[in-house]
Amino acid sequence: MFVELNQTLRDGSSSDSLSERTVTIEDQAPTNASFLFYHFASLFLKNSKGNVLFIACDQTEAHYTSVASRLGLMLQARQGQPKRFACLELHSLFSDAVWNSEATALNDCLLKEVDRLCHSFDSEGPLLIIWDNAEILLDLGASLDATRQTLLSLQKAVYSTAGTLVLGVHSSPRDSALSAFLTHWTDYLLITRAIGTGFSKDVTGEVEIQVRRGRTLPTHHLLHYRLGDRSVKFIAPGLAAPIM
Amino acid sequence: MQEPLFEGVTLIEDGAECSGQSLVGCFVKKAAVRFTNVVVALFDNSKESFEQHLSSLPTSVTVLDFYREPLPSFADYEAALSRGGSLQKGVLFIESLTALQWVHGGGVDRTCSLLHHLAKSNAVVALLHGELLSPLEVKRLAYVADSYYKLSADNETAIASCLIRRGNGKLVSSTESFSVTPDFRLIVQERASGGKPRVEDFIPPKSTAAAAPVINVPFDMGLKLSANERLAKQSIKLPYTAAQSEEGLVGLNATGSKKMKAGGQIIYVPDVADDLDDSDPDDDLMI
């Protein structure tokens, strides 16, 4: 979907840079980084012919589907097409678990459901799991170790298909131990933040891309972006046309 | 950078701006050369990923894959690490000490005592992510360590501050910039001097056959000597060899004004103004 972002993520390597990779997307207030989720979903649904599992927590499945369709990405399969997209709404899953008084912990409940949905796809291929808020288990009272183990389990499931794990967080590493752990653990860290004054009105915010995999010092790239009604445009810093 | 001693507990603290994974890779490769028993306990990365990172895993390295087979409690990890590291004298690498801290029943106290226990039979090298712990916890762990490497970044340069506690109580500290090449050679440059970078070649040459052989070449090359001539040549005492022996020095009176010839020996003749007392000349420095 976003060519500039792909080139930066590839960072000089010619191979498919997203196979067996973990990406963390951190959005700092007041920005919202959900447009990046659509980018990764589009990569797997259009290019890689893989399967996508969306673990929705901040928004409903209907919201994500309708926004994706405005960006030209059809998440739900049409009639006669193989099923390659599934969405797991965490609030309904957890409320069901509480009402049914199941003794299992929330993370076990989540992993069982993920496993069931992963086997529901019509075709085999690399799996992309997108979780829009990976900190929710902590907020619901799970321990740091249980949350870490859940993330490791999701990573194992994804890597067994040579896929990609994309995790969204809302707090910075300074505020949360889990966010700091993700900074060390992930291969790519994408941070969206608002820009200061003095920039063109055409710029909504900036994305900092850190390539961390196997490096002593991570490489930093910076892109500005503009959110339109039906599009997202990436601009190299300083190249946005001034609006007079 | 001070070379790792592989004695007691070595801690490497990294941060978000400077990862310690590559340095651990260097240390694993070095330990694999020096020790026959090297154990690596993985928590956050799989064995395949670790192998891929190191490009090839030395045969003497055993991997405890807690990533694929996590254990339920800290006590289980204690038992597994003690079992894995107590076969022979060797080195035990713990990929993430932070993961151990988070495990049910863990904490700084138990981690410190576990490190002490493991260090009795093996050298222990552990990686620690500084931001994931409170400053007090980091200080307590640093106090346990015999060698402590703190990694940071400054202007796109990786910096390592080392503090090594020697057995005689001496503290050795240094701050140097470093980088790790893809084949896990460590390139170190001193921060203060800004001198020429040196390569800490932790991995010795593969075999002695590769090293240039030392050839004992006689000094009569091309002379075409007969056996008698060669024997006569070998029996000649060269003039400087006599000067090197201490003959003639016994009974020498050095206080006289007469010039002396004593070969290559250095003879100190005290001057009238010399103050030759036995006290320590540096005792007023209050060291």
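## The interface between chain B and chain A

In this predicted model, chain B and chain A bury about 2,100 Å² between them, 54% of it from carbon and sulfur atoms, where buried area is the accessible area (1.4 Å probe) that two parts lose on being put together, summed over both. The contact (heavy atoms within 4.5 Å) draws on 28 residues from chain B and 21 residues from chain A.

Between chain B and chain A there is 1 salt bridge, a term for a side-chain nitrogen of Lys or Arg within 4 Å of a carboxyl oxygen of Asp or Glu. Arg148(A) and Asp44(B) join their side chains in a salt bridge across 3.0 Å, N to O. On the side of chain B that touches chain A, the residues divide into 14 nonpolar, 8 polar and 6 charged; here Ala, Val, Leu, Ile, Met, Phe, Trp, Tyr, Cys and Pro count as nonpolar, Asp, Glu, Lys and Arg as charged, and the others, Gly among them, as polar.

By class, the contact of α7(A) with α8(A) comprises 8 nonpolar, 2 polar and 1 charged residues.

Over all chains, the whole structure has 9 salt bridges. Glu113(A) pairs with Arg116(A) in a salt bridge whose closest N and O atoms are 2.5 Å apart, and both residues lie in helix α5 (residues 106–118) of chain A, 3 residues apart, about one turn of the helix.

## Backbone features in the loops of chain A

Most residues other than glycine have a negative phi, and most peptide bonds are trans. Glu20(A), which is not a glycine, has a positive phi of about 55°, and it sits in the loop between α1 (3–10) and β1 of chain A. The peptide bond from Ala29(A) to Pro30(A) is cis, with omega near 5°, and Pro30(A) belongs to the loop between β1 (21–27) and α2 (34–47) of chain A.

## How to read the numbers

Residues are numbered from 1 along each chain as its sequence is written, and chains are lettered from A and ligands numbered from 1 in the order in which they are written. In this predicted model local features need pLDDT of at least 70, side-chain atom pairs count only at pLDDT 80 or more, and totals for chains, interfaces and linings use all residues, while side-chain values use heavy atoms, with hydrogens and water left out.

Definitions and conventions. Helix = DSSP H or I, 4+ residues; strand = E, 2+ residues; numbered from the N terminus.
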